[in-house]
Amino acid sequence: METGLEHKFMQGRAKALAVTEEGVIEGYASLFDAPDQGGDVVARGAYAASLKRLAAEGRRVRMLWQHDPREPIGIWDEVREDARGLWVKGRLLSGVMRAREAAVLIAAGALDGLSIGYRTLRASRNEKGQRLLQELELWEVSLVTFPMLPSARVAAKGESPGADALRELAAVLNAARREMARR
């Protein structure tokens, strides 16, 4: 499904996101002044006007699975800029099958990326020829498999998944495989 949004991915050296056993997520979805693999750099303050508009309109940044607007998996309760970047805090919804899968995949280390979905409102080129994103309209923050910005990674707090969690994941994946085979 084409939405016309651009995407920026987060992964890498710094701990960006933690997921608790209760499904609470918090961390950085974007870091300022860090070039991604496409050569784009997000400037400090790039999200400020968008976050202000969303709040004034009573709307939220969406939490999606792999940028798919048909697959919301949770709720971002807090999205804000600080000196480092775009910080998010929210909850994976346990009543959503894909959210439960995401929690297990993060805990197992199989999923470690974040990505923002946005529209560029103002950009220029910096002295290195990189696109400097100065104002963005933020739409969503997704959990993704293949992030682009090597600056942060999803990290799970707590113990590694036990046999029960892995059996549950296997059952969920088998059910999804059967469902896809019927289509």
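Biologist: How do you know that the end-to-end distance of α2 agrees with its 12 residues?

Modeller: The expected span of a helix is 1.5 Å times one less than its number of residues, so the 12 residues of α2 should span 16 Å, and the end C-alpha atoms, being 17 Å apart, agree with that. Helices (H or I, at least four residues) and strands (E, at least two) are DSSP runs, numbered from the N terminus. Just after α2, G109 takes a positive phi of about 85 degrees. This is a predicted model, in which local features need pLDDT of at least 70 and side-chain atom pairs count only at pLDDT 80 or more, while totals for chains, interfaces and linings use all residues. Residues are numbered from 1 along each chain as its sequence is written, and side-chain values use heavy atoms, with hydrogens and water left out.

Biologist: Why is D33 called partly exposed?

Modeller: Buried means under 20% relative accessible area and exposed over 50%, with partly exposed in between (1.4 Å probe, protein chains only); D33 has a relative accessible area of 43%, and is therefore partly exposed. In α2, by contrast, the buried residues are A99, E101, A102, V104 and I106.

Biologist: What makes R44 and D33 a salt bridge?

Modeller: The term requires a side-chain nitrogen of Lys or Arg within 4 Å of a carboxyl oxygen of Asp or Glu, and the closest N and O atoms of R44 and D33 are 3.2 Å apart, which meets the limit. R44 lies in the loop between β3 (40–42) and α1, and D33 in the loop between β2 and β3, 11 residues apart.

Biologist: Why is R91 said to tie together separate parts of the chain through its salt bridge with D77?

Modeller: The closest N and O atoms of R91 and D77 are 2.8 Å apart; R91 lies in strand β6 and D77 in strand β5, so the pair ties together parts that are 14 residues apart in sequence. At 34% relative accessibility, R91 counts as partly exposed, and D77, at 41%, is partly exposed too.

Biologist: How do you know that R80 lies over the face of W87?

Modeller: A charge sits over a ring if NZ of Lys or CZ of Arg is within 6 Å of the ring centre and within 35 degrees of the ring normal; R80 lies over the face of W87 at 4.1 Å from the ring centre. R80 also forms a salt bridge with E78, with the closest N and O atoms 3.1 Å apart.
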